[in-house]
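Here's a quick briefing on one protein model, for someone who likes the cut-offs spelled out. Have a look at the structure first, then read on.

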Amino acid sequence: MEAKAIPLLSPYTMGRFRLSHRSRCYNSLPQEHVSLYYSQRASEGGLIIVEATGISETAQGYPNTPGIWTREQVEAWKPVVEGVHHKGGVFFCQIWHVGRASTYDYQPNGEAPISCTDKQITPTVFKDGRVEEFSAPRRLKEDEIPQIINDFRLAARNCIEAGFDGVEIHCAFGYLIEQFMKDSVNDRTDKYGGSVENRCRFALEVIQATADEIGSDRVGVRLSPYSNCLDCWDSDPDALGLYMIQAMNKLGVLYCSMVEPEVVKVEDKVQIPYKLLHFRKVFAGTFIVAGGYNREEGNQAISEGYTDLVAYGKWFLTNPDLPKRFELNAPLNKYDRSTFYTPDPVVGYTDYPFLNLSSV
């Protein structure tokens, strides 16, 4: 079957980029196995968005996650980027700050994590009895916020210096920027709190500073207005999402990657709510959806005009040749969740097999 007959694999022009179709970084530095991982998944015209990458020392909150605020980190990313470009891929770096989703252990000098608030995240109790706890955060003073915005700007500059084609600003899943955006967390009374315009001010100032530094045609944004991760939800997610979309249009943002509301699993399939169309209709740039999509649903979403592109996470993790498998409608490798967040440089990371074309 020819790739052009498959909506998911149809060529698409995203600004200057013509397109054809998780983390194990020790000491905040990508290693050789990270380069192998991404180059395994790179293909001509394929868009790869790298794992969430910290913008500063205060941005960290999880083990083995990368950063891009030092010279050493920039140099370490260069061979990773070169590996993807060698295979014709387009490579964006997702930059983030975890905000209050951190502990004293991850912070410089054991200080409190920073956020828009001093409210602490409720501990999470997992089915296996594990408890995840985050430390009490420190509310940023208004005159401290410009420094965090500048950290995003400098991280974006570093990404381009490392060779990335652009950056995706992580404004989702309960991390720092979304902490400002959503009213379950943001209890400020200054110009960064209260109305939806004020709560989105920090996000938009980050986007503006980043666009000013590297060009809006290199800037994407990830949003999750319907998510409730890390005690972070909003009383009016539609109004929040639409305000952000309209503001991003004015800033010339290249793409918006938006997460579907929580999917529902029925037997061995998931049901996708398809509730993002009103956002897609308003956004002027490239619209990308994510969350529970398989091959059939991805093709349908594109062919029906619901989205421009579909992002895949766990299926790309477990199938380094996912575009080829979609092209041939070949079986997919099954994933093992227990290896998603382990530090092993091979198991569950670079050891997933490629398709045996002789048996297809």
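Which residues does Cys171 touch, not counting residues up to four places away in sequence? They are Ile177, Glu178, Met181, Val221, Arg222, Leu223 and Ser224, where a contact means heavy atoms within 4.5 Å. Keep in mind that this is a predicted model, with local features needing pLDDT of at least 70, side-chain atom pairs counting only at pLDDT 80 or more, and totals for chains, interfaces and linings using all residues. Residues are numbered from 1 along each chain as its sequence is written, and side-chain values use heavy atoms, leaving out hydrogens and water.

**Cys171**
- Cys171 sits in strand β10; strands (E, at least two residues) and helices (H or I, at least four) are DSSP runs, numbered from the N terminus.
- Cys171 counts as buried because its relative accessible area is 0%, the cut-off for buried being under 20% with a 1.4 Å probe and protein chains only.
- Pro323 is 152 residues from Cys171 in sequence, and their C-alpha atoms are 27 Å apart.

**Nonpolar cores**
- The largest nonpolar core has 82 residues, and Ile95, Phe164 and Phe202 have the most contacts inside it.
- A nonpolar core is a set of buried Ala, Val, Leu, Ile, Met, Phe, Trp, Tyr and Cys residues joined through side-chain atoms within 4.5 Å.
- Another core lies apart from it, with eleven residues, including Tyr12, Phe17, Leu19 and Leu47.
- Among the residues that Ile95 touches are Phe152, Val167 and His170.

**Helix α6**
- α6 covers residues 201-214, and its 14 residues reach 20 Å from first C-alpha to last, close to the 20 Å expected at 1.5 Å a residue; that expected span is 1.5 Å times one less than the number of residues.
- Phe202, Leu204, Val206 and Ile207 are among the buried residues of α6.
- The buried residues of α6 pack against α3 (145-162), β10 (166-171), α4, α5 (196-199), β11 (219-223) and α7.
- Gly215 follows α6, with a positive phi near 100°.

Conventions: Buried < 20%, exposed > 50% of the residue type's maximum accessible area, 1.4 Å probe, protein only.
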